[in-house]
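Me: I'm new to this one and would like to go through it slowly. Could you take my questions as they come?

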Amino acid sequence: ISDCIWQIKNNKNLHMKILVCISSVPDTTSKINFTADKSAFDKNGIQWVINPYDEFALTKAVKLQESQGATVTIATVGDAATEAVMRKALDIGANDAIRVNAEPKDSITVAKELAKIVEEGGYDLVFCGKESIDYNGAAVPAMIAQLLNRPFVNACVGLEVNGAEATAVREIEGGKETLTVKLPAVIAGQKGMVEEKDLIIPNMRGIMSARTKPLTVKEPTETDVKVSAVSFDAVPARAQVKLVSADNLDELVRLLHEEAKVI
């Protein structure tokens, strides 16, 4: 009888469905170049990784999977080249993956594609990173929440789920704020959602099991792209550093005044 009571009490948690939206971004050590006419990003020789903010969200989702029996699906908008990154997310512990076969050209198009996946899948929690480290738009999570008319918590650094409610801690200017939201909801996470030391490194068992996990490819429904890039400019190279002896204050003042022009 006690086992039956436990199952009834935990029925909601056992069936919680989580969608983690991930993006494939250049490794931070990659050298960034543009095409000769500066009209596009040059992808040659780039190592692609899971967006770091998304990785914190994915790890939190897998922790909920372990503690509450949730199922975790990952979703991305991208071409076939993103599947290597998606497989890594499956290695980490997601149950399955969905790829929308389109190049992510603007935030609203991506958000509409992901919102459609959420609607069709009936997910209780949608996790995103607060932004991607390539374009730093920080727009997609809020757009998904608005399109679905769901509660939204940005810059989340802590989350506890209890049945149909979630308690979230987010960073605000000068401190932190604790909120309670009803599920379903959209959560945009960042470093602190889990500790950096708790990020999951795929082991051989995870890598082998991921090979059999389903990866579904969907064709895009949104073709009306709102934004297009005109041109890109690289960040100017840093000027050479000049070292000034600690006892030569006159030279330091001269350089700050005549060259740096800050005094």
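Me: Where does V262 lie?
Reply: In this predicted model, V262 lies in the segment that follows helix α8, which covers residues 249-258.

Me: And is V262 buried or exposed?
Reply: V262 has a relative accessible area of 58%, and because exposed means over 50%, V262 counts as exposed.

Me: Which residues make the nonpolar surface patch?
Reply: The patch, about 530 Å² in area, is made by L249, L252, V253, L256, V262 and I263.

Me: Switching to charges, how many salt bridges are there?
Reply: The count comes to eleven salt bridges. One of them joins the side chains of R99 and E83, with N and O 3.0 Å apart.

Me: Which parts of the chain does that pair link?
Reply: R99 belongs to strand β5 (residues 96-101) and E83 to helix α4 (residues 83-92), so the pair, 16 residues apart, links distant parts of the chain. R99 is buried at 5% relative accessibility, whereas E83 is partly exposed at 25%.

Me: Back at α8, what separates E251 and R254?
Reply: They are three residues apart in helix α8, which means that about one helical turn separates E251 from R254. Their side chains meet in a salt bridge of 2.9 Å, N to O. Both ends are partly exposed, E251 at 26% relative accessibility and R254 at 31%.

Me: What about K191? Which residue does K191 form a salt bridge with?
Reply: K191 pairs with E196, and their closest N and O atoms are 3.1 Å apart.

Notes: Residues are numbered from 1 along each chain as its sequence is written. This is a predicted model: local features need pLDDT of at least 70, side-chain atom pairs count only at pLDDT 80 or more; totals for chains, interfaces and linings use all residues. Side-chain values use heavy atoms; hydrogens and water are left out. Patches are made of residues with over 30% relative accessible area and no salt bridge: like charges are joined within 9 Å, nonpolar side chains (Val, Leu, Ile, Met, Phe, Trp, Tyr) within 5 Å. Accessible areas come from the Shrake-Rupley method with a 1.4 Å probe; for residues, only the protein chains shown count as cover. A salt bridge is a side-chain nitrogen of Lys or Arg within 4 Å of a carboxyl oxygen of Asp or Glu. Helices (H or I, at least four residues) and strands (E, at least two) are DSSP runs, numbered from the N terminus. Buried means under 20% relative accessible area, exposed over 50%, partly exposed in between (1.4 Å probe, protein chains only).
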